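Try each one yourself before you read the solution.

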Amino acid sequence: MNSLADFVLVSAILFGIGVYGLVTKRNALRLLFAVELMINAANLNFVAFGQYLPLAQAAGPSAVGQTFVLFSIALAAAEAAVILAIVVVAYRLHQDVDVSELNSMKG
């Protein structure tokens with residue numbers, strides 16, 4: 001069985017990869033993937049801490065962590081839809097999705 005430290009380590013690695021992608025990449029889709037990695041790292045922490053905290057274990061099975069993750073997944077899906085719509089409009093206007101080139105959003 002995996003320990004809480006294993007989940008936190010995997011989450012930290014995922015979050016670090018997301019931060020690296022967010023800082024170094026200029027492509028809008030890669031930025032979206034980096035943000036999604038960071039959100040999934042946070043979701044992993046919610047589930048792991050929901051299962052392994054002593055308070056959660058003493059009170060019996062609890063679904064608080066999973067509940068937060070479901071809300072987070074719904075918010076992430078809405079965020080991804082909005083960003084993808086912005087990317088499509090930006091590509092139609094500029095024929096590129098490089099965010100360093102998108103300094104104006106005029107129609």
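**Exercise 1.** Work out whether F7 is buried, partly exposed or exposed.

*Solution.* Keep in mind that this is a predicted model. Start with the number: F7 has a relative accessibility of 25%. Next, the cut-offs: buried means under 20% and exposed means over 50%, with partly exposed in between. So F7 counts as partly exposed.

**Exercise 2.** Find the ring that pairs with F7, and say how the two rings are arranged.

*Solution.* The partner is Y52. The ring centres are 5.9 Å apart, and the angle between the planes is 40°. Planes under 30 degrees apart would count as stacked and over 60 as edge-to-face, so this pair goes down as tilted. Now place the two residues: F7 sits in helix 1 (residues 4-24), while Y52 belongs to helix 2 (residues 28-52). The pair therefore ties together parts that are 45 residues apart in sequence. As for Y52, its relative accessible area is 21%, so Y52 is partly exposed.

**Exercise 3.** The structure holds 2 aromatic pairs. Take F46 and F68 and decide what kind of pair they make.

*Solution.* Check the distance: the ring centres are 5.4 Å apart. Then check the angle: the planes meet at 15°, so F46 and F68 are stacked. On the chain, F46 is in helix 2 and F68 in helix 4 (residues 64-94), so to speak two distant parts, 22 residues apart, linked by the pair.

**Exercise 4.** Describe the fold of the protein chain by its elements.

*Solution.* Count them up: there are 4 helices and 0 strands. Reading from the N terminus, you get α-α-α-α.

**Exercise 5.** How does the radius of gyration of the protein chain compare with that of a compact globule of 107 residues?

*Solution.* A compact globule of that length would come out near 13 Å, but the protein chain has 18 Å. Look at the spans as well: along its principal axes, the C-alpha trace covers about 55 × 25 × 20 Å. Buried residues make up 21% of the 107.

**Exercise 6.** What share of the accessible surface belongs to carbon and sulfur atoms?

*Solution.* The accessible surface totals about 7300 Å², and carbon and sulfur atoms account for 72% of that. As for charges, the chain carries 5 positive and 6 negative side chains, and the centres of the two sets are 8 Å apart.

How values were computed: Residues numbered from 1 in each chain as written. Predicted model: local features only at pLDDT ≥ 70, side-chain atom pairs only at ≥ 80, totals over all residues. Heavy atoms only, no water. Phe/Tyr/Trp six-rings, centres within 6.5 Å; stacked < 30°, edge-to-face > 60°. Buried < 20%, exposed > 50% of the residue type's maximum accessible area, 1.4 Å probe, protein only. Rg over C-alpha atoms; globule rule 2.2 N^0.38 Å. Areas by Shrake-Rupley, 256 points an atom, 1.4 Å probe, with all protein chains shown as cover. Lys, Arg positive; Asp, Glu negative; His and termini not counted. Charge placed at Lys NZ, Arg CZ, Asp CG, Glu CD.
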